[in-house]
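Take a moment to look over the sequence and the model below. Then follow the chain through its parts, one step at a time.

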Amino acid sequence: MKQGDILAVIHAMDRDMPNSVNSTVNYKIVSVNPKTSNVDFEIDQIGRIKFKGCLDYEETSLYKIIVEAKDRGDKVQLSSSTTVVLNIEDANDNLPVLVSPMATGKVKERETNVTVLTIKVTDKDKPSTPAWKVRYYIEDDKDGHFQIDIDEKTNDGILKVIKPLDFESGILWNLSISVKNEEDYFSCIVKNKKPRGLWDVEIIHLDRNKGKSSISVNQRVVITVEDVNDPPEFKKGTEKVYVKENVKIGHFLQNVTATDMDSGLLSVITYKVAEDPAGWVTVNSKTGAVTTKGIVDRESKYVVNNTYTVVIHAVDNGKPPMTGTVLLKIYVNDENDNTPTLISNMIDICMADGESMNNITAEDIDEGYNSGPFRFELLNAKELKGKWRLDPTYGETVNLIRGSKVFSGVYELSVKVYDRQDYWALHNLTVTVCKCTSLPPNCRHRMSTAAQIGGGALGIMFVAMFLLLGCVSEAPADRPREQVPLGHPLPHREDLPPGECAARERPGLDTPGGPAASGEEAAEQVLEQSMQERLDQANIENLLLRQQLEAVQNEGLVNDKAMTDKQKQFSDILAEMTADYHNRVQMVGVRGNNIVVLGVEKKSVAKLQDDRTVRKICALDDNVFMAFAGLTADARIVINRARVECQSHRLTVEDPVTVEYITRYISSLKQRYTQSNGRRPFGISSLIVGFDFDGSPRLYQTDPSGTYHAWKANAIGRSAKTVREFLEKNYKEEDMDTDKETIKLAIRALLEVVQSGGKNIELAVMRRDEPLKVCMKNDRIMLKVKKVNM
């Protein structure tokens, strides 16, 4: 506000006759408190208070002005007074003052978000007003290394480093920092006090809105950068290399070299592999040469979009040691190292008067020309003519057509699937033919028929089931009856395909008119017949023993020691027989985090025998499989009973069995055959594997006595103790995260006792949400064995 401006207006009223001398009022300033030299107040006859000079907040922030109003009465003059309070607001008439015109500070290179120094200023204007508050501006900082924060309470400027400094780029940093108030500068100075009229004053107003810059004060700041150990630097943050999968171990990939930016120091850089998820690479610690130490597999879960990423560190010998990092992107080219697989090894087809069909879909984890479309071929197509055929035979998906003469039941077919390079795999396909109530066909998850049939019919069904179970349980001890699983065709049917685990009569010694078997096969048959005779004799002794025990107990003449010795003698005979047979084969089971693996030592078969009918790994349900060592005939009975239980469980609760449930059922079945007259125990041990509802892998082992346990890895059969000791020594929880390490451990365990190498090894692999895959091709097994031996 400049001099001459109206500060306030006073108005007085008089009740005397208007426009007379008695009502005419004169105004006068009686006093001003405080009285200052820089301003003078006056009032005119219409009550307007004005000032001349300069109002200064620093002189006083408040004036009290007493104004008198007096009329012009001709006889008596009456008056009254009032007090006018005038508050003065502060203006920015004082510039900020730096406590020190020069400041210095130190900072270590590469440090960020650290305070270098504090710039202190003072200002005589009113605190916390725009006239008092300041703003700091940094000059000579083009790269933005510094920042100044303001302490709102003290107006101090806090200088920080927000972008790291490099000692090698410069030791000293000279900065110029300017300080300005938030409000525009305004000052008023009295030059001459005239007796009349306005005084002579000097007014300075730097209005930013009119393009006038405010006055600032400058601070010089010198920053010293202290040297610290710098990390080694690579020329590029990411290196790329292209390689074909399955290259030999030791294959050179890339040279990654780093330099140390510290000046005047003779540093030594050491290279290390920091991240290598699959453990495929190694780096020379001195030269930085990266080579392979494992087989690169494009289909690994660690390869994303054909790219495998490795992190390599370069560490110097400074104090403290510093580390540089480079990413090595390995682009893996595909090789045809995987055979096609069926997405599902079990399909359902509806029963019809004529032909009916369902599709088969294959996949190959290879890509491009090494994958599909595929060529499908039915094994033994001539024998299956009129019963089963494929149409078309080429594509990702083909149709399996059922002939009109194929009836309800479960059938095992063998399908060869070729990729575009004619690399093939043989797959067992389980086909279930049933009457369909809806589409698509689903023969395993049947709807409850209780609401569709009468109570009498339902009762007949339950009676029939109990009669069937009764017949099975009364099988003679010397030859257990062969049981047919629900939904399977009857054995006397001409179109019955070989069962997955049904061991046919071997040609030669025990088949009239059959061709002569090999020497090894004949020896095995003689051994099995001898064992059967010893089992029969043991059953007779067991029956006599139990009869003697009952007779003695009836007479009250129990001799506990005699009876115990007899029972122990029988148990020892049985244990010796089953042990003799178990020692003929070797089986290994390993449970990973996402996979279960069964490894089996295959025995040679007769020259004219179909080796597909001699299996030691059998399916109990979609999610459960069993491998056994022992008497094949006994195993067939246990497997069939277990399959019936699996299907019964599905019909009852509409869910598949858990692995522990079916293991407990099999163990209970075995145990019952150890405590009844006229029966002998089942002469088999088994490994049962699979996945539960929640996707958890399971591995259980059962023995002839009916006991069972859960295992991470175990072995049964010949030299089981040796293999188990090897597993205990080499099983590592962290290795079970990868499927390859799990398979590798199973193969290594088998190779401990299998002298013939990979040609007599059969592997079965089951992954989460995938069917069991059996690897039977010798070249595939030999490739895996070769990788293990590397």
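A word on the model comes next. It is predicted, so local features need pLDDT of at least 70 and side-chain atom pairs count only at pLDDT 80 or more, while totals for chains, interfaces and linings use all residues. Residues are numbered from 1 along each chain as its sequence is written, and side-chain values use heavy atoms, leaving out hydrogens and water.

Now for the overall picture. The protein has eight helices and 45 strands. Helices (H or I, at least four residues) and strands (E, at least two) are DSSP runs, numbered from the N terminus. Of the 790 residues, 43% are buried. Buried means under 20% relative accessible area, exposed means over 50%, and partly exposed lies in between (1.4 Å probe, protein chains only). Contacts are counted too, a contact being heavy atoms within 4.5 Å. Among contacts with a separation of 6 or more, 66% join residues 24 or more positions apart.

Look at Ile330 itself. Leaving aside residues up to four places away in sequence, Ile330 touches Val241, Val243, Leu253, Val281, Asn306, Thr307, Tyr308 and Val310.

Next, find the five-stranded sheet. This sheet is open, with the order E38-E39-E40-E41-E42 and antiparallel pairing. Strands E38 (617-621) and E42 (708-710) are the edges, each pairing on one side only. From one strand to the next, the twist averages 25°. Two strands pair if DSSP finds at least two bridges between them.

Walk across the sheet. E38 and E39 run antiparallel and are joined by four bridges. A hairpin of two residues links E38 to E39. Ile617 stands opposite Ala627 in E39. E39 then pairs with E40 over seven bridges, again in the antiparallel sense. Here Met626 has Ile688 in E40 as its bridge partner. Thr702 stands opposite Tyr708 in E42.

Is E39 enclosed or open to the outside? Seven of its seven residues are buried, so E39 is largely enclosed by the rest of the structure. Val624, Met626, Phe628 and Gly630 point one way from the strand, while Phe625, Ala627 and Ala629 point the other way.

Helix H4 (residues 632-653) lies across E38, E39 (624-630) and E40 (684-691), and runs at about 25° to E38. Helix H5 (residues 659-672) lies across E38, E39, E40, E41 and E42, and runs at about 165° to E40. Axes are lines fitted to C-alpha atoms, for helices over the stretch in contact, and angles run from 0 to 180 degrees between N-to-C directions.

Charges come last. Side chains of opposite charge can pair when their charged atoms come close. In a salt bridge, a side-chain nitrogen of Lys or Arg is within 4 Å of a carboxyl oxygen of Asp or Glu. The structure holds 23 salt bridges.

Which residue forms a salt bridge with Asp621? The partner is Arg650, with the closest N and O atoms 3.1 Å apart. Arg650 is in helix H4 and Asp621 in strand E38, so the pair links distant parts of the chain, 29 residues apart. Both residues are buried. Arg650 also meets Asp622 in a salt bridge (3.4 Å, N to O). Asp622 lies in the loop between E38 and E39, so this pair ties together parts that are 28 residues apart in sequence. Arg650 has 5% relative accessibility, whereas Asp622 is partly exposed at 28%.
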